[in-house]
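Please look through the sequence and the model shown here before reading on. The report is meant for a reader who is new to describing structures.

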Amino acid sequence: MKDDTEKVQEEDSKSVKQSSVKKKKDETQALKQKIEDLENQLARAVADYRNQEMRFEDEKREFVKFANKDLLLRLIPSFDVLFLANKHTQDEGVRLTIDSITKTLKEVGVERVKAEGEQFNPELMEAVSTTEGEEGNVVEETMPGYTLNGKLVRPAQVKVGKTHQ
């Protein structure tokens with residue numbers, strides 16, 4: 001009888017060991033899956049962080065690029081006065097000042113909108129009147145327009161040609 005009892009105990013022991021081994025394997029597999037999930041979450045979080053960092057840098061560059069816009073809008077009326085003075089006088093000092101200001105503005109990305117003699121462009125120009133001249137072309141610029149790094153700051157005010165019949 002002892003043999004049978006020993007056999008049963010041995011089988012029970014094997015069964016318990018197999019069950020324990022299977023349980024450990026299942027736990028190991030679950031832990032491996034958890035590690036994989038956490039690694040994927042970490043990789044996504046790092047990618048999100050890097051993307052956010054790049055967006056922040058882009059926004060910062062864009063802000064810096066156009067930070068001078070408000071200052072430029074405040075200075076434009078003074079430039080207008082200088083340009084008007086230059087039209088009506090032959091003062092070398094006024095011309096030199098205009099040249100110096102124009103050079104400095106160009107260096108920071110400010111460009112004057114080219115208008116006179118050009119085809120009227122409603123994205124860059126504002127028609128203040130029509131006058132006799134070539135249809136659709138700018139006959140006269142009444143006030144210059146400006147762009148800052150390619151974006152319109154103030155449209156050029158112009159007189160547009162209209163053929164009279």
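Predicted model: local features only at pLDDT ≥ 70, side-chain atom pairs only at ≥ 80, totals over all residues.

The chain has an average pLDDT of 89, and 94% of its residues score at least 70. Within the chain, the lowest confidence belongs to helix α1, residues 2–66, with a mean of 86, whereas the highest belongs to strand β6, residues 156–162, at 95.

Gln90 sits in the loop that runs between α2 (69–88) and α3 (92–107), and because its relative accessible area is 78%, over the 50% cut-off, Gln90 counts as exposed. Although Gln90 and Leu38 are separated by 52 residues in sequence, their C-alpha atoms are 76 Å apart in space.

Asn149 belongs to the loop between β4 (146–148) and β5 (151–154), and its relative accessibility of 28% makes it partly exposed. Its phi is near 50°, which is a positive value in a residue other than glycine. Most residues other than glycine have a negative phi.

Thr147, by contrast, is part of strand β4, and it counts as buried because its relative accessibility is 13%, under the 20% cut-off. Which residues is Thr147 in contact with, leaving aside its neighbours within four places in sequence? They are Gly109, Val110, Glu111, Val113, Leu124, Leu152 and Val153.

| Pocket | Volume | Lining residues by kind |
|---|---|---|
| Largest pocket | about 230 Å³ | four nonpolar, two polar, four charged |
| Second largest pocket | about 160 Å³ | six nonpolar, one polar, three charged |

The lining of the largest pocket includes Asp80, Phe83, Arg112 and Glu141. The elements that give two or more residues to this lining are α2 and β3 (138–143), and the largest share, five residues, comes from α2.

For the second largest pocket, the lining residues include Phe79, Phe83, Ile101, Arg112 and Tyr146. Here α2, α3 and β1 (110–112) each supply at least two residues, while α3 gives the most, with four residues.

How values were computed:
Residues numbered from 1 in each chain as written. Heavy atoms only, no water. pLDDT = per-residue confidence, 0-100. Buried < 20%, exposed > 50% of the residue type's maximum accessible area, 1.4 Å probe, protein only. Contact = heavy atoms within 4.5 Å. 1 Å grid on protein atoms, 1.4 Å probe; cavity = no way out; pocket = protein on both sides within 12 Å on 5 of 7 lines; lining within 4 Å. Points joined across faces, edges and corners; volume = space filled by probe spheres on them. Nonpolar A, V, L, I, M, F, W, Y, C, P; charged D, E, K, R; others polar.
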